[in-house]
Amino acid sequence: RILLSIEPLQEVSESARSEALLGMVRRKGLEVLPWTRALRQWRARIALLHECYRDSDDNPWPDLSDESLLDTLEAWLLPHLGRVRRLEDFAQLDLRGILRATLPWPLPLELERLAPERWAAPSGSSIAIDYEQQPPVLAVKLQEMFGCEETPSVCDGAVPMQVHLLSPAGSPLQITQDLAGFWRSSYQDVRREMRGRYPKHPWPENPLDAQPTRHTKRRTGSS
């Protein structure tokens with residue numbers, strides 16, 4: 001247990017180098033890899049589908065949890081470590097390509113259908129879905145959802161999204177998984193409070209009959 005000397009190795013075998021690199025990842029965790037927000041969202045979409053189909057006899061969606069990825073480093077990460085010599089070199093890995101290769105065809109197409117990155121709002125806006133939250137969160141301006149009674153969902157309708165209805169300034173006015181219930185109840189309280197604060201934006205008495213919009217009353221012609 002007493003360190004007598006340290007001497008750098010002149011030659012390291014490929015197997016020893018690979019074992020050392022994988023050991024480093026297991027000790028330090030997957031955070032040593034070059035994650036991006038987009039890649040984390042992609043992995044969260046896979047995780048949602050893996051959970052949705054967990055009771056299926058043949059679940060096609062891989063387990064990409066931290067635990068599973070760390071247990072299977074030899075299968076998905078090791079083949080790509082040829083140019084990695086030190087901790088800083090992990091940043092040069094094409095982690096996006098490496099992980100996407102774990103998804104066999106035609107699952108990439110099914111991913112876009114079952115858990116799309118964005119949702120088309122009634123106003124015409126394309127709204128990003130946040131899959132890193134559970135359930136997935138759709139944050140959208142309240143006026144853009146006029147006329148929409150059905151709560152948006154993913155995973156073939158099995159998972160209703162948590163809708164964050166935002167004020168014109170972008171702050172949450174209501175968080176719900178029951179859009180129809182909100183329009184018929186809490187909306188009138190929100191309308192009374194917000195119409196004086198944001199008079200340039202439409203706050204119709206009947207939101208289900210109103211035209212969804214991204215614009216103020218001047219742009220939409222609303223009264």
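Analyst: A helix here is a DSSP run of H or I with at least four residues, and a strand is a run of E with at least two, both numbered from the N terminus. By that count A20 falls in helix α1, residues 14-28. Keep in mind that the model is predicted.

Look at β3, residues 137-141. Its pairing with β6 (residues 162-166) is parallel and rests on five bridges. Within that pairing, L138 stands opposite V163 of β6. A139 stands opposite H164, also in β6. Strand β2, residues 126-130, runs antiparallel to β3 and is joined to it by two bridges. Here I129 has L138 of β3 as its bridge partner. β2 and β3 make a hairpin, with six residues between them.

Next, the core. The largest nonpolar core holds 58 residues. L33, W76, L77, F90 and L142 have the most contacts inside it. Helix α2 gives the largest share of this core, six residues. Take F90 as a case. Leaving aside neighbours within four places in sequence, F90 is in contact with L21, M24, V25, V32, L33, P34, L81 and V84.

A20 and L81 are 61 residues apart in sequence, yet their C-alpha atoms are 11 Å apart in space. A20 has a relative accessibility of 44%, so it counts as partly exposed. The band for that class runs between 20% and 50%.

Last, helix α2 itself. α2 (residues 37-52) packs against α6 (residues 107-114) at an angle of about 85 degrees. Their axes are 11 Å apart. Angles of 65 to 115 degrees count as roughly perpendicular, so α2 is roughly perpendicular to α6. On the α2 side, the contact uses W42, R45, I46 and L49. On the α6 side, it uses L111, E112 and L114. Five of the residues in this contact are nonpolar, two are charged and none is polar.

Conventions
Residues numbered from 1 in each chain as written. Predicted model: local features only at pLDDT ≥ 70, side-chain atom pairs only at ≥ 80, totals over all residues. Heavy atoms only, no water. Axes fitted to C-alpha atoms, helices over the stretch in contact; angles between N-to-C directions. Parallel < 35°, antiparallel > 145°, perpendicular 65-115°, else oblique. Contact = heavy atoms within 4.5 Å. Nonpolar A, V, L, I, M, F, W, Y, C, P; charged D, E, K, R; others polar. Core = buried A, V, L, I, M, F, W, Y, C linked by side-chain atoms within 4.5 Å. Buried < 20%, exposed > 50% of the residue type's maximum accessible area, 1.4 Å probe, protein only. Pairing = 2+ DSSP bridges.
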